[in-house]
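Here is a friendly briefing on the model shown below. Please keep the structure open as you read.

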Amino acid sequence: MKTATGFTLISNGQLFDGTGTPLVPNAALVIENGHIRYAGPAAGAPAVPPDARRIDARGGTIMPGLIEAHFHATYFNVEKLEDLDIKYPVEYVSLQAGVNCRLALECGYTSARSGGCLFNCDVWLKTAIENDLIPGPRLATSGREICSAGGLMDWNPEFRKIGMDGLVFCINGVEDARKAVRALVKDGVEWVKTYPTGDAAWPDQNDHHTLCMTFDEMYAVVATAHNHKLKVTGHCRATEGIKNALRAGYDAVEHATFIDDEGLDLLLKRDVPVVPGLYFEQASVVRGKEFNLPQRVIDGHQETLEGGAASYRRIIKAGGRLGMGGDYGFGWNPHGDYAKELSFFVSYVGLDPLTVLKCATKTGAEILGRSHEIGTLELGKLADVLVVEGDPVKNISLLEDRKNILAVLQGGVLKAGKLAPRTEVPMPKIRE
Ligand SMILES: [Zn+2]
């Protein structure tokens, strides 16, 4: 991805730098050749040459670009779970995913870490984004996901004879686990996404208290992935599944919904980050009926919502780390709504806005393994910057509305926002 050349001065706003230091009123950010040269009070800013680009923050807020820590580029606002797998050919899925990537950037998300994708789209999306062919967040790639046969993701009935080949390796035992990871190694992904547990989406056989992989399978995934320098994460709702993941050496845990004291200890011991994706549960409860979700499924989401919120309060209180990512890409939880996760963590979970913003920036960069480059506005880092009207610390929900986004910069290049030269893409249609 190209970085800007020359100087840019962003001024007339307060600064949230993501490091945990207090907000700086009347601040300035100076960018030189795509990197941060200065972030602090305007009075202390170095002089910039007369030809420097200038961005007026209009009394709003200058902050690091947001980081979506659980992004499904290829989920295109599907209404039925089976549509997550092969509904369209890879050619069309790639185009849809490109639209989602552009939308994420326009929503202020300068980076994203994938939570799994159809085919091997992530790797090629990343290539296209890094080569400036299409706009999108800097991507940490995942690929096809791994789940045991008969588990949560193995939902296509046998008589359809189509397996789950687009999205999931349905494995039986450790040999299959290794084989799947080895295929992902060849695909070139960075993260291996697994399904240690079920979900409210499938009551009875694979509900949110059910295990969908054995410890041995999970351990085989981790050993093979780590050998090839890949990281591993997993969809973990059930208490034992969370602990299995932590004991197997997972590098992150998605959801960690029903974590117990022992799980929390294991989590803190290795400082493993958790990505909740909690607003998805709220959206499933509030909009489930509209999308014909059975009441039992909605009830399961309600239990997941309450259990998750309690767990995230405990994790933060105990000094653990949360990344903000939202499983967007379902009809009831569409792409573009990413920042609803942030508002929800303030309004429902009860975290303070500064903590949530830090989760959505600094912690996100840590999860991507790129905290030396992005996630905070500090000297020498890449200038991935978001400039918004208003004060998201006072009203975090203003991040939900693209009308409030003045500027989105990656490496100092102005890519989106009201001050960018390009027009915005409309929200994708939810219903076809
Ligand atoms: Zn997901």
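Predicted model: local features only at pLDDT ≥ 70, side-chain atom pairs only at ≥ 80, totals over all residues.

Residue numbers start from 1 along each chain, as its sequence is written. Helices (H or I, at least four residues) and strands (E, at least two) are DSSP runs, numbered from the N terminus.

- Across the boundary, 20 residues of domain 1 are in contact with 24 residues of domain 2, where contact means that the C-beta atoms, placed from the backbone, lie within 7 Å.
- On the domain 1 side, the elements that give two or more residues are strand E15 (405–410) and strand E16 (413–416).
- Of the elements there, E15 gives the most, with three residues.
- Sorted by class, that side of domain 1 has ten nonpolar, six polar and four charged residues. Here Ala, Val, Leu, Ile, Met, Phe, Trp, Tyr, Cys and Pro count as nonpolar, Asp, Glu, Lys and Arg as charged, and the others, Gly among them, as polar.

**The seven-stranded mixed sheet**

- Seven strands build an open sheet with mixed pairing, in the order E3-E2-E1-E4-E14-E15-E16; two strands pair if DSSP finds at least two bridges between them.
- Strand E3 (35–41) and E16 are the edge strands, and each pairs on one side only.
- On average, neighbouring strands of this sheet are turned by 35 degrees against each other, direction ignored. Axes are lines fitted to C-alpha atoms, for helices over the stretch in contact, and angles run from 0 to 180 degrees between N-to-C directions.
- Strand E1 (residues 7–15) and strand E2 (residues 24–32) run antiparallel and are joined by seven bridges; Leu15 stands opposite Val24 in E2.
- E2 also pairs with E3, again in the antiparallel sense, over six bridges, and Ala28 stands opposite Gly40 in E3.
- The hairpin of E2 and E3 has two residues between the strands, and Asn33 there takes a positive phi near 50 degrees.
- Further along the sheet, four bridges link strand E4 (residues 53–64) with strand E14 (residues 385–388), and these two run antiparallel. Pro64 stands opposite Val385 in E14.

**The parallel sheet and the helix across it**

- A three-stranded open sheet has the order E5-E6-E7 with parallel pairing.
- Strand E5 (66–71) and strand E7 (138–140) are at its edges, each with a single partner strand, so one side of each is left without a neighbour in the sheet.
- From one strand to the next, the twist averages 20 degrees.
- H1 lies across E5 and E6, and runs at about 130 degrees to E6.

**Helix H1 against helix H2**

- Helix H1 (residues 90–106) packs with helix H2 (residues 121–130) at an angle of about 55 degrees, their axes 11 Å apart.
- H1 and H2 are therefore oblique to each other, given that angles under 35 degrees count as roughly parallel, over 145 as roughly antiparallel, 65 to 115 as roughly perpendicular and the rest as oblique.
- The crossing of H1 past H2 is right-handed: a crossing is left-handed if the near helix is turned anticlockwise from the far one by less than a right angle, and right-handed if clockwise.
- From H1, Val93, Ser94, Ala97, Gly98 and Cys101 meet Cys121, Leu125 and Ile129 in H2.
- These contact residues divide into six nonpolar, two polar and no charged.

**Helix H9 against helix H10**

- Helix H9 (residues 340–349) and helix H10 (residues 353–368) cross at roughly 150 degrees, and their axes come within 9 Å.
- That angle makes H9 roughly antiparallel to H10, and their crossing is right-handed.
- Leu342, Phe345 and Val346 in H9 meet Pro353, Val356 and Ala360 in H10. By class, this contact has six nonpolar, no polar and no charged residues.

Key: Contact = placed C-beta atoms within 7 Å.
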